[in-house]
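Please keep the sequence and the 3D view open while reading.

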Amino acid sequence: MTREQSIRHECLLQLYGARPLALTPAHVARVCKRQGDDFLALEIEAELVFLKDQGFAEERTDAGTGESRFRLNSAGVIHCEKEIA
């Protein structure tokens with residue numbers, strides 16, 4: 001598994017566990033760091049955008065902070081249930 005695939009896998013796991021809440025790339029990076037992974041927030045954001053472009057996630061902008069947040073959509077949930085969980 002490539003580094004990018006590992007990051008996408010971790011993003012899917014975290015988004016699935018947090019649903020229906022949306023997570024920031026920085027939050028995902030903090031959780032990864034606690035787990036011992038060395039993924040950068042910029043790498044995570046790039047893979048979250050990839051998941052959005054593939055139709056598995058939605059991006060929302062927080063009105064108060066302007067931060068991008070990502071959450072799984074229904075296609076992402078079904079993908080996780082079939083492939084990951």
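Lys 33 and Arg 34 are exposed residues on the face of H2 that is turned away from its buried side. Here exposed means over 50% relative accessible area, buried under 20%, and partly exposed in between (1.4 Å probe, protein chains only). Helices (H or I, at least four residues) and strands (E, at least two) are DSSP runs, numbered from the N terminus. The model is predicted: local features need pLDDT of at least 70, side-chain atom pairs count only at pLDDT 80 or more, and totals for chains, interfaces and linings use all residues. Residues are numbered from 1 along each chain as its sequence is written, and side-chain values use heavy atoms, with hydrogens and water left out.

**Helix H2**

- Pro 25, Val 28, Ala 29, Val 31 and Cys 32 are the buried residues of H2.
- Because they cover an arc of only 165° around the axis, they lie on the same side of H2; the arc is that of the directions from the helix axis to the C-beta atoms.
- H1, H3 and S2 are among the elements that cover these buried residues.

**Nonpolar core**

- The largest nonpolar core has 18 residues, and those with the most contacts inside it are Cys 11, Leu 15, Val 28, Ile 44, Leu 48, Leu 51 and Leu 72.
- Such a core is a set of buried Ala, Val, Leu, Ile, Met, Phe, Trp, Tyr and Cys residues joined through side-chain atoms within 4.5 Å.
- Two or more residues come from each of helix H1 (3-18), helix H2 (25-35), helix H3 (41-53), strand S2 (68-72) and helix H4 (74-84).
- H1 gives the most to this core, with five residues.
- Not counting residues up to four places away in sequence, Cys 11 touches Val 28, Ile 44, Leu 48 and Leu 51; contact means heavy atoms within 4.5 Å.

**Leu 15**

- Leu 15 is in helix H1 and is buried, with a relative accessible area of 1%.
- With residues up to four places away in sequence left out, Leu 15 touches Leu 23, Leu 48, Ala 57, Phe 70, Arg 71 and Leu 72.
- The C-alpha atoms of Leu 15 and Val 28 are 8.7 Å apart, with the two residues 13 residues apart along the chain.

**Strands S1 and S2**

- Strand S1 (residues 57-61) runs antiparallel to S2 and is joined to S2 by five bridges; two strands pair if DSSP finds at least two bridges between them.
- Thr 61 has Ser 68 in S2 as its bridge partner.
- S1 and S2 form a hairpin with six residues between them, and Gly 66 in the turn has a positive phi of about 80°.
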